[in-house]
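Student: I have a model to go through with you. Can we take the labels one by one and test each against its cut-off?

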Amino acid sequence: MISALDGPFLAFVGCLAMLLVNLVSLSLAGLRLRRAMPRSIFPEDAPVSLIRPICGLERFSEETLESGFRLAYRDYELIFCVADAGDPVLPLVQRLIAKHPHVAARIIVGEERISDNPKLNNCVRGWDAAAHDWIVLADSNVLMPPDYLQSLQAAWRPDTGLVCATPIGAQPDGFWALVECAFLNTLQARWQYAGEAVGLGFAQGKSMLWHRPFLNSVGGIRALALEIAEDAAATKVVRAAGRRVNLVAAPFSQPLGRRSFAEMWSRQIRWARLRRVTFPLFFAPEILSGMLVPCLLTASAIGSAEMVLGLGLMVAVIYGGELALAARAGWLRSPMLLAAFIARDLLIPFVWSMAWMRSDVVWRGNAMAIETKPGRVRTA
């Protein structure tokens, strides 16, 4: 005979299973991050074209864009792509180019509309004009350390089709920026590194190192119009060619500055909808990525003080693990991170639910319908 406690007990067991899965992901990410990488096959001192699509001025624009001029690399060019000749970021870029005459840098104005993705459209002319076969596509808000290019190159293996770096939130200003760090760092970056560790590497569009002959053999940069998100398309293109997506040993920072709740919320909804449409089978379990809500619901249904205490310890163990991962990786650490973890986990069910309700997003004022365009992926 099934007792009334069987349901709550099964929920407790489910929370215990979630604890084990999360501990495994934390362990895999911790082992993968900053470990000694296998020897790269990237050609030594190969020239690189670094393409940065730019649009509008942000708080850290000068800091992030100027970091591209200070790379400790012998032979590289910088190509800034901007869609509108009247964009307010142009005077800044022109000033930076004049300030660093020793770096080969130029601006390309005008986009080529190959998709509904404005960033991808902005990159096409830069890709076509690049002088070198090794090409990096890097967002304007990536803060590049001096060894940025070497870090990307170090992850190139014989079976690599693409090297990427997930963004790590840094320099938050205010609580909601800290919550965005809690999403980006010890949750999303953690799962991305854990996935790569078991052979499920996903592309991340913040920094992407391509070998042009390979990408051209499977359709070129225009093949990235397969999806509304170029990184989702990149993942499918690389996998279809039998290659792997690799991640850098240590990801690069993205300074956040101030974030309102509305800004943080809209970004998480946009990214969640993109993941849901492009990789629905991988997105579906994301509802279980936060321990707090399932443990709270289970605790409310259980009368046993011992089990409630056990559930509280489960949440504490995971949050402690996240703090330990941040310390190992050198990411942001703050006493307020615990509050940010709690806010993030309370928001996860709402973000996940909203992602299933609609299939459109707004990015920089552009409304975009999310759709997959089958049949464009070609094998090499």
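Predicted model: local features only at pLDDT ≥ 70, side-chain atom pairs only at ≥ 80, totals over all residues.

Student: What makes K99 and E66 a salt bridge?
Tutor: Their closest N and O atoms are 2.8 Å apart. The cut-off is within 4 Å, so the pair qualifies.

Student: Why does this pair tie together separate parts of the chain?
Tutor: K99 lies in helix 3 and E66 in helix 2, so the bridge joins parts that are 33 residues apart in sequence.

Student: Is E66 called buried or exposed, and why?
Tutor: Buried. E66 has 7% relative accessibility, and buried means under 20%.

Student: And why is K99 called partly exposed?
Tutor: K99 has a relative accessible area of 46%. Exposed means over 50% and buried under 20%, so a value in between is partly exposed.

Student: How do you know that D139 and K119 pair?
Tutor: The N to O distance is 2.9 Å, and the limit is 4 Å. D139 is in the loop between strand 4 and helix 5, while K119 is in helix 4, so parts 20 residues apart in sequence are tied together.

Student: Which label do D139 and K119 get for accessibility?
Tutor: D139 is at 11% and K119 at 15%.

Student: Which network do K119 and D139 belong to?
Tutor: Salt bridges link K119, D139, K206 and E230 in a network.

Student: What makes R275 and E286 a salt bridge?
Tutor: Their closest N and O atoms are 2.8 Å apart, and within 4 Å is enough. R275 sits in helix 9, and E286 in the loop between helix 10 and helix 11. R275 has 25% relative accessible area and E286 has 22%. Both values fall between 20% and 50%, so the label is partly exposed.

Student: Which residues line the largest cavity?
Tutor: Among them are K119, D139 and E230. Helix 4 gives the largest share, 3 residues. The lining divides into 6 nonpolar, 1 polar and 3 charged residues.

Student: Which residues lie nearest the centre of the second largest pocket?
Tutor: R34, P145, A250, P251 and F252, out of 21 lining residues. The pocket holds about 330 Å³ of space.

Definitions and conventions: Residues numbered from 1 in each chain as written. Heavy atoms only, no water. 1 Å grid on protein atoms, 1.4 Å probe; cavity = no way out; pocket = protein on both sides within 12 Å on 5 of 7 lines; lining within 4 Å. Helix = DSSP H or I, 4+ residues; strand = E, 2+ residues; numbered from the N terminus. Nonpolar A, V, L, I, M, F, W, Y, C, P; charged D, E, K, R; others polar. Points joined across faces, edges and corners; volume = space filled by probe spheres on them. Salt bridge = Lys/Arg side-chain N within 4 Å of Asp/Glu carboxyl O. Buried < 20%, exposed > 50% of the residue type's maximum accessible area, 1.4 Å probe, protein only.
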